[in-house]
Amino acid sequence: MLPVRRLLAQPRFPSFSLARSSSNSSHKRYDVIVVGGGHAGTEAAAAATRIGAETLLITQKIQTIGALSCNPSMGGIGKGHLVKEVDALDGLMGRAGDYAGVHFSILNRRKGPAVWGPRAQLDRSRYKEFIQSELLNMPRLTVIEGSVEGLLVSAADPEQPGKHRVTGVRMADGGDKILCSSVVLTTGTFLSGSLFMGRTTSPGGRMGEAPSCAGLSHSLKEVLGLKLGRLKTGTPPRIIRETVNFSLTQLQLPDPQPTPFSFINTHTHCKPEEQIPCHLTVTTPGVDRVVRESLPVNSHVQQDTKGPRYCPSIESRVLRFPGRQHQVWLEPEGLNSDLIYPQGLSMTMPPELQLRLIREIPALSQAEIHTPGYGVQYDFVCPTQLFPWLQLKSVQGLFLAGQINGTTGYEEAAAQVPVFPLRACGRGVNAGRTALSLPPLSLSRTESYIGVLIDDLVVHGVTEPYRMFTSRAEFRTSLRPDNADLRLTPKGREEIGCVSQHRYQEAVRVQQGLTEALSTLNSISLSPPCWREKLSDVGISENKSTLISGEEMLLYTDVSFSMLASTFPDLLSPYLEFAERIKIEAVYRPHCEKQQREMERMREEESLSLPPDFDYFSQQVSLSNEVREILDRARPSTLGAAMRLKGVTPAATVHLLNYVTKTDRKTRGK
């Protein structure tokens, strides 16, 4: 893997004219076709190629691959965990963030490391530059421009679950047919997307780009019989930087030392002193007044379609919490950009009212808008129709990833790719494994936030755009951002094959270093008086009489590994590069050990598969009609997934367990 700085110094962009046209691609059969070049699509395509699949990425514009459609940032609480896990599986997002970041910070630092939120403001141009540089130079990956009109469907393989089988795609305009073994749809907001600004509505998924073909939605709904829903989102106006009075805002500085997202990067491309600040301001009563005046001419707000709960428009915030001040973060769009992204001011009112609204904020009283905000409504496929590896239960060879599954955010979209690799190679990897006749893989909730994300989607579905939070994970102390490489990289290499040898060897080296360091710490065992003599500033209780190991000393808040290494240099100085990670491991190890029994129980439940064609109504198992209906509708893949369904009682779970276990024994006995 080339260092980040070397990639910048020696860009590897091929000419876009080298991309094959659809007519050329139609003569070749691919293992995997990925439709859509957003965050889910780029990670899916990259993951599929890493496991050896011949892959085709179809996007409307090659020049928009890797575009940050909305906010110029990455990570945060919960989301940062996903970025680290994508990176641990050798994905692109973490390294791209290290290359493009201009303002790095760790959110929630006052709390424990398990819920820290790595975050960065990004330079839009640099992020897109990195993603395109990586993708357009990947072996086994072909990228073409075009729109997919529909799916090629044939009879299902009777030996596998499903009513249909997808064998390729049909392009728009020319109608070229391109054959493949697996298709991954990552359509984002473009699936029957509509743009809203005031009373004006137009087809599209992103301003300034052509709408997707309506035929794809038709194929999913009418041909394949899938259940689709409708969601909405929005974006704020972009403000010209020089028209903002930053003296009336609160300065928000980055961390003095940037923390890379990627486990294989020791530093970020942006030097500490080159980072740029953000600024914070708040809304005023005038903002509320403009919002109320705009309602009659704001059709997007009047729609019943559900939008993101945790990133609502300013109209939604004012209507839900009238009279309150709302924070507005003024975020730079890049080192050399003259635009500011006002986080918290997503709006869909007419442009002239948008200008009136932002000027009600003192710091923006003279502001000028470069590009007005707008709203988007789009189709999504109800994700309960998916297997945990993100293949549709009723359609062989068809995988879905990203916002088409009802999620919101770059990180949630990208994470559904490694999900492929991890979870069943959900998208990229699993699609690639399916194409190569390899069994699908999946990640459990006990292994990763990716597993939590996908399990929530396929078991519970969504009624609003899904956003990741640390509170969604049961085993937060074990699923930390700092140990994602130790949790996932070995599996990515040994079981999936999507991780490079270089990354795998680095993860093994780190694991060995941490293990040796903790073992050495435990070999150091002193009495409390001896520790007080060596570390006089540490408040060891006078009542403490038993021996204390070096690892136990790290449980004291004011004791760092560096302090211990300076006290025992011969023993501990070789492990100083892991100082912070050793401290975190020592602090959390007692908690993680307590969680192991519960995690093992959940793994056992997840290991018991339920037949995909199980007839819950005819089988002689003691279940109420209500529970039978719930199970038949959700079609859970495992006993653990069935237990998490609302309405499935503990008694019903026991009866189901006994019946399936008994049936399984009879089957093995034949």
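Gln391 sits in the loop between strand E19 (374–381) and strand E20 (395–396); strands are DSSP runs of at least two residues, helices (H or I) are runs of at least four, and both are numbered from the N terminus. The model is predicted, so local features need pLDDT of at least 70 and side-chain atom pairs count only at pLDDT 80 or more, while totals for chains, interfaces and linings use all residues. Residues are numbered from 1 along each chain as its sequence is written, and side-chain values use heavy atoms, with hydrogens and water left out.

Gln391 has a relative accessible area of 10%, so it is buried. Buried means under 20% relative accessible area, exposed means over 50%, and partly exposed lies in between (1.4 Å probe, protein chains only). From Gln391 to Val183 the separation is 208 residues in sequence and 9.5 Å in space, C-alpha to C-alpha.

Val183 is also among the contacts of Leu151, which include Val169, Leu185, Leu220 and Leu398; contact means heavy atoms within 4.5 Å. Leu151, Val169, Leu185, Leu220 and Leu398 touch the most other members of the largest nonpolar core, which has 128 residues. Helix H15 (residues 449–460) gives the most to this core, with eight residues. A nonpolar core is a set of buried Ala, Val, Leu, Ile, Met, Phe, Trp, Tyr and Cys residues joined through side-chain atoms within 4.5 Å. In soluble globular proteins, nonpolar side chains tend to be buried together. A second, separate core of 26 residues includes Ile524, Val559, Leu564 and Ala565.

Next come the aromatic rings. Rings of Phe, Tyr and Trp (its six-membered ring) pair if their centres lie within 6.5 Å; planes under 30 degrees apart count as stacked, over 60 as edge-to-face and the rest as tilted. The count by this rule is six aromatic pairs. Tyr99 and Phe130 have ring centres 5.5 Å apart and planes at 45°, so this pair is tilted. Tyr99 belongs to helix H5 (residues 93–100) and Phe130 to helix H6 (residues 124–135). Phe387 and Trp389 are stacked, because their ring centres are 4.6 Å apart and their planes are at 10°. Phe387 is buried, at 7% relative accessibility.

Lys79 lies in helix H4 (residues 79–88) and is buried, with a relative accessible area of 10%. Its side chain makes a polar contact with the side chain of Glu412 at 2.8 Å. A polar contact is a pair of N or O atoms within 3.5 Å; within protein, one must be able to donate a hydrogen and the other to accept it, and residues adjacent in sequence count only if both atoms are side-chain atoms.

Methods: Lists of a residue's contacts leave out its neighbours within four places in sequence.
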